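Hi everyone, thanks for coming. Let's take a few minutes with the model on the screen.

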Amino acid sequence: MLKKLLLYMVLAATSAAAQDKSFSLQSPAALTDTGILQHLLPRFSLKTGIRITLSEGASDAAFGTTGNPVFRQDDAIWHFEDNGDPDSAAFYEWLISDVGKRTIEGFAPDGSAAFSTDVRVQTTAGVVTLTGDAALGEDVSLTRCGRCHVVNDSNRMNAIGSTPSFALMRNFADWEGRFQTFFLLRPHPAFTQVADVTDPFPDNLPSPIAPIEVTLDEIDAIVAFVATIEPADLGAPVQSQ
């Protein structure tokens, strides 16, 4: 009799646990009306046995603008937030799994996917307006930088051949940042002083050559000048055989 009672208790506990595999979910009308939830929820429940009840009030989990991003609808990114319940957490893990993503992107009521699982934030690069004096920048470049770099044709024969020309460096994708902070890039710190920015050379480490002294305004002018330089033609890329 005792064994039968214990077996009954175990079966009852198992049944109760199975019935507890559920959670309530709140969804804005803008999302619900698309039909995506009618597409997702039955598939998740069939896979896991977890029942989801849509609710208009306080719920265990919700789609909205806060929480973890899960899918994109045009320019809007929908987020999922829950209270830590294991069943709602299982739904989130399913949403971001490969199966969940395929299910989301498989919702195509008009023949094309209505949602995307690419939730990376799209950024638009701002247009940088250079305010420096390009004419001044050319003069400063020739007098300060021209002893090493070819700045333009006027100092082509006076520069050091092993240093890159301004036109060559103009090909670098990050050329603007390089010129803006050149005094931090080796070997420049050893002999460059920027007014109100760099510290004086230590007494035991003087500049090995006549120091280059510039101001921030002059650096802005150099950058404005370099922006006017046509990048050097480096030829066609090498074709592998």
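Which elements do the buried residues of α9 pack against? They pack against α6 (134-145), α7 (166-169), α8 (175-180), β6 (192-194) and β7 (212-214), with contact meaning heavy atoms within 4.5 Å. Helices (H or I, at least four residues) and strands (E, at least two) are DSSP runs, numbered from the N terminus.

Before I go on, this is a predicted model: local features need pLDDT of at least 70, side-chain atom pairs count only at pLDDT 80 or more, and totals for chains, interfaces and linings use all residues. Residues are numbered from 1 along each chain as its sequence is written, and side-chain values use heavy atoms, with hydrogens and water left out.

Back to α9, residues 216-226: because 8 of its 11 residues are buried, this helix is largely enclosed by the rest of the structure. Buried here is under 20% relative accessible area, with a 1.4 Å probe and protein chains only. The buried ones are E218, I219, A221, I222, V223, A224, F225 and V226.

Now, zooming out: the chain has 9 helices and 7 strands. Of its 241 residues, 30% count as buried. Among contacts with a separation of 6 or more, 56% are between residues 24 or more positions apart.

Definitions and conventions: Buried means under 20% relative accessible area, exposed over 50%, partly exposed in between (1.4 Å probe, protein chains only).
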